Amino acid sequence: MKYRAVLFDLLTALLDSWSVWNAAAGGVEPGRRWRAAYLRRNYQTGVYRPYETIVAEAATEVGLAPDATDRLIALWPEIRPWPDVRPVLEEIRERLPIAVVTNCSERLGQLAVRATGVTFNSVVTAERAGYYKPDPRTYGLALREMGVEAGDCLMVAGSPYDLYGAKSLGMDAYWHNRVGLAAPPDLPKPLTEGRTLAPLLDLVTTTYD
């Protein structure tokens, strides 16, 4: 097969974390603004700063109440996977190692991984790596732990920012754009983009010509 491993974003590609953010913000519109501000800050940070601090700064930026971040953390255990996550991932892991790279703290990352109901060969949080995505060192830690080279791994992006990270390492990428995020004008082109994980089953069984 073309790929020897699959690397996943967690909070958007595998989990419906958006519903929890919206609930903490008090509605879909303020939740989307908060999440967008957080994503911008998160992916521009580089060296790890406390995740909860970045989330709180984003809440202040968009005018949310001071306790919005506390509400989000309290609701975190309610995060659930997208409906097709478990069956698709279980089928893939019968063929290939799978790993997660997520831009959050170790504590919240481990809680979120448990919500998937799937066992991964590697789970890398920004806190453990010391860097936020799309810094290549964050993805690189997962690749080393799976024992594969970047060119042999397929990246499953949730946020478009993961496509920048995949390109920097030479990884092919599938954009699981479940929530219909807008693509920045300079976004690296993924292999394909879809609203479900189903196309992955064909991608991971692709063979070299």
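With a relative accessibility of 24%, Glu106 counts as partly exposed, since the buried class stops at under 20%. The model discussed here is a predicted one. Glu106 sits in helix 6, which covers residues 106-116. Leaving out residues up to four places away in sequence, Glu106 touches Thr125, Glu127 and Arg128. Val124 is also worth a look here: Glu106 and Val124 are 18 residues apart in sequence, with 8.3 Å between their C-alpha atoms.

Thr102 gives another view of this part of the chain. This residue belongs to strand 2, residues 98-102, and its relative accessibility of 0% puts Thr102 in the buried class. Once neighbours within four places in sequence are set aside, the contacts of Thr102 are Leu10, Leu11, Gly109, Val124, Thr125, Ala126 and Lys133. Thr125, then, is touched by Glu106 and is in contact with Thr102 too.

Six strands make up an open sheet, paired in parallel and ordered 3-2-1-4-5-6. Strand 3 (122-125) and strand 6 (192-194) are the edge strands; each has a single partner, so one side of each lacks a neighbour in the sheet. From one strand to the next, the twist averages 20°. As a general point, strands of a sheet pair through backbone hydrogen bonds, either parallel or antiparallel.

Strand 1 (residues 5-8) runs parallel to strand 4 and is joined to it by four bridges, with Ala5 having Cys153 as its bridge partner. Four bridges also link strand 4 (residues 153-157) with strand 5 (residues 172-176), again in parallel, and here Ala157 stands opposite Trp175 of strand 5.

How many residues of strand 4 are buried? Five of its five are, so to speak, under cover. Cys153, Met155 and Ala157 point one way from strand 4, while Leu154 and Val156 point the other way, and all are buried. Helix 9 (residues 161-169) lies across strand 4 and strand 5 and runs at about 165° to strand 4.

Two packed helices are described by the angle between their axes and the distance between the axes. For helix 2 and helix 3, the angle is about 135° and the axes are 8 Å apart, so helix 2 and helix 3 are oblique to each other. Their crossing is right-handed. On the helix 2 side, the contact is made by Trp34, Ala37, Tyr38, Arg40, Arg41, Asn42 and Thr45; on the helix 3 side, by Tyr51, Ile54, Val55, Glu57, Ala58, Ala59 and Glu61. Sorted by class, the residues in this contact come to eight nonpolar, two polar and four charged.

Helix 3 packs on helix 4 too, with axes that come within 9 Å and cross at roughly 130°. That angle makes helix 3 oblique to helix 4. The crossing of helix 3 and helix 4 is right-handed. Glu52, Val55, Ala56 and Ala59 of helix 3 meet Ala68, Thr69, Leu72 and Ile73 of helix 4 in this contact. The residues of the contact divide into six nonpolar, one polar and one charged. Val55 and Ala59 of helix 3 take part in the contact with helix 2 and in the contact with helix 4.

How values were computed
Residues are numbered from 1 along each chain as its sequence is written. This is a predicted model: local features need pLDDT of at least 70, side-chain atom pairs count only at pLDDT 80 or more; totals for chains, interfaces and linings use all residues. Side-chain values use heavy atoms; hydrogens and water are left out. Two strands pair if DSSP finds at least two bridges between them. Helices (H or I, at least four residues) and strands (E, at least two) are DSSP runs, numbered from the N terminus. Axes are lines fitted to C-alpha atoms, for helices over the stretch in contact, and angles run from 0 to 180 degrees between N-to-C directions. Contact means heavy atoms within 4.5 Å. Angles under 35 degrees count as roughly parallel, over 145 as roughly antiparallel, 65 to 115 as roughly perpendicular and the rest as oblique. A crossing is left-handed if the near helix is turned anticlockwise from the far one by less than a right angle, and right-handed if clockwise. Ala, Val, Leu, Ile, Met, Phe, Trp, Tyr, Cys and Pro count as nonpolar, Asp, Glu, Lys and Arg as charged, and the others, Gly among them, as polar. Buried means under 20% relative accessible area, exposed over 50%, partly exposed in between (1.4 Å probe, protein chains only).
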